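Biologist: I would like to learn how to read the inside of a protein model. Can you take me through one?

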Amino acid sequence: MPLSNHSQLTTALNQPIKIAILAMGGEGGGVLADWLVTLGEENGYFAQTTSVPGVAQRTGATIYYVELFPVAAGSGGSAPVLALMPTAGDVDIVLASELMEAGRAVQRGFVTPDRTTLIASSHRVFSMGERSAMGDGRVDSGVLIRQSRQAALRFIYFDMARVAEKSGSVISAVLFGALCGAEILPFTRHQFEAAIIKKKVGITPSLQAFSLGLSRAQSEAKSSSAGKMASETPAPNKKSGSHNSRSHNTLSHNNEINALLLHIRQKIPPCIHDIVIEGVRRLIDYQDPAYARLYLDRLQKLIKQAVRQDEPLLGETARHLALWMAYEDTIRVADLKTRVGRFERIKQDMRTRVGQLIEIKDFLHPRMAEICDILPASFGRWLSRPHVINRLLEKLLSRGRVMTTSSIPGYLLLYILAHWRRMRRHTLRFQHETVRIEGWLWRIGVVAKRDPDLALEIAQCQRLIKGYGETHARGLSHFQTLMAIVDHHLHDLSPASLRQLREAALADEQGDQLRACQRRLSLY
């Protein structure tokens, strides 16, 4: 195998080869570090590995650090003193198991354009910050790729999660193969494979994943076309298109659902058919066909109110109305946790063998308000008032609990709660959401007659309402603030001003930027 100038220079100057591995829990980062140590020690190198623990995809990966130093370069055969952790600007190779971790490596200065080869998987596991953002907190994968390419001497990336799944192994084996395929270490393919065999960890699937990773890395290295590399960028929009076509097939199996499809074709403008069909599919899954009919009736009423069929306004209203009507409550959480697909996905992620038993534990911490929300409206309203029973239940719920949802008692409790959705229309939360939704649609309808652009901004304010618990409470508070401003300034509020207020509300959970924007625009 030919060696790069960089690997030859490292050996010639008697300097250690410095490798940083950023991997999340369950991806085999520790095994990958051990393979590298074995690879070095079996082929005439001093080797050392250390790790700095992280908390997986929540705030960052565990960083494993490996240094390899040629034995022949040691003075009198004595062992060199190797570093315990990577230093910014002083890393030869960075291996990242996920695209955001590649970005974090760049941000920390581990990747430099005159020295570092960066090898990363292009798939995404959203970080906690991305998931909990008030607005769309997702980091653009294209930006991460561009920045990584600019920061590194060489940047090799492809979807290693897919390759690992195909081979029945984990990303660490694919990364090891990609490292071999990059041809930057002074070892042959046979020596790499011998390290895997010696460690005796999932030898067959690991070797298969290694081989696929090596071939893919060699292919990426040979390709100089930027267009081909850009094709590895995740493209979620394509998925949504195929999903809509699947929705057509799913929705056409019985007479009741066929009636909904007929209603869409006859009563709904063709420009928003795809969005509306997806909304109907979501609401049938969430509740039932009658609930989807309510969705269509609400849309039909808005269409009649509008002076003209404004496609952006109708499309955004249809999309956000479906999202709002499928609000997250305790019933929905229980429904999702008891689905067969969830258990199959967990088994697949855990890579369990046929007949192997697994135990699933969920931490449940519903707030008092969430319990009241799913009770019949009158009872829920009474229980939410301050009295002895309210305080007692509040105290019991304050600690949360860990429940084994794979056991019969745990699963049965969630199953009963999930089937409580038949009573959802009678719950306190349903009453509250109905009032809020109708008020929001009324504002859109009234404003659309004179200012469709402002009506569009009102429709998009629904982005503030998401999640459950404290996240939902904060978003709802911001939403109500904006709707109060709309009501007070119905005839003089500009679309640009409402857009600025909405973006400020989405920018932080505490509402500091929203209040600052209100002061700047003098809108209260």
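Modeller: We will go through the fold, the cores and the cavities in turn. Keep in mind that this is a predicted model.

Biologist: How many helices and strands does the chain have?

Modeller: The chain has 27 helices and 8 strands. Of its 524 residues, 47% are buried. Take contacts between residues at least 6 apart in sequence: 72% of them join residues at least 24 apart.

Biologist: Now the cores. Which residues have the most contacts inside the largest nonpolar core?

Modeller: The general idea comes first. In soluble globular proteins, nonpolar side chains tend to be buried together. Here, the largest nonpolar core has 59 residues. Those with the most contacts inside it are Val-276, Val-280, Tyr-295, Trp-440, Ile-458 and Phe-479. Leaving aside neighbours within four places in sequence, Phe-479 touches Trp-324, Trp-440, Cys-461, Gln-462, Leu-464 and Ile-465. Another core lies apart from the largest one. This other core has 42 residues, including Ile-21, Trp-35, Ala-173 and Cys-180.

Biologist: And empty space? How many cavities of 30 Å³ or more does a search of the whole structure find?

Modeller: Rolling a probe the size of a water molecule over the atoms shows where empty space is left. In this model the search finds 2 such cavities.

Biologist: Which residues line the largest cavity?

Modeller: Tyr-291, Leu-294, Arg-298, Tyr-327, Phe-430, Glu-433, Thr-434 and Ile-437. Helix H15 (289-305) and helix H23 (428-448) each give two or more residues to this lining. H23 gives the most, with 4. By class, the lining has 5 nonpolar, 1 polar and 2 charged residues.

Key
Residues are numbered from 1 along each chain as its sequence is written. This is a predicted model: local features need pLDDT of at least 70, side-chain atom pairs count only at pLDDT 80 or more; totals for chains, interfaces and linings use all residues. Side-chain values use heavy atoms; hydrogens and water are left out. A nonpolar core is a set of buried Ala, Val, Leu, Ile, Met, Phe, Trp, Tyr and Cys residues joined through side-chain atoms within 4.5 Å. Buried means under 20% relative accessible area, exposed over 50%, partly exposed in between (1.4 Å probe, protein chains only). Contact means heavy atoms within 4.5 Å. On a 1 Å grid over the protein atoms alone, a cavity is a set of points where a 1.4 Å probe fits but cannot get out, and a pocket is an open set with protein on both sides within 12 Å along at least five of seven lines; lining residues have an atom within 4 Å of a point. Grid points are joined across faces, edges and corners, and a volume is the space filled by probe spheres set on the points. Ala, Val, Leu, Ile, Met, Phe, Trp, Tyr, Cys and Pro count as nonpolar, Asp, Glu, Lys and Arg as charged, and the others, Gly among them, as polar.
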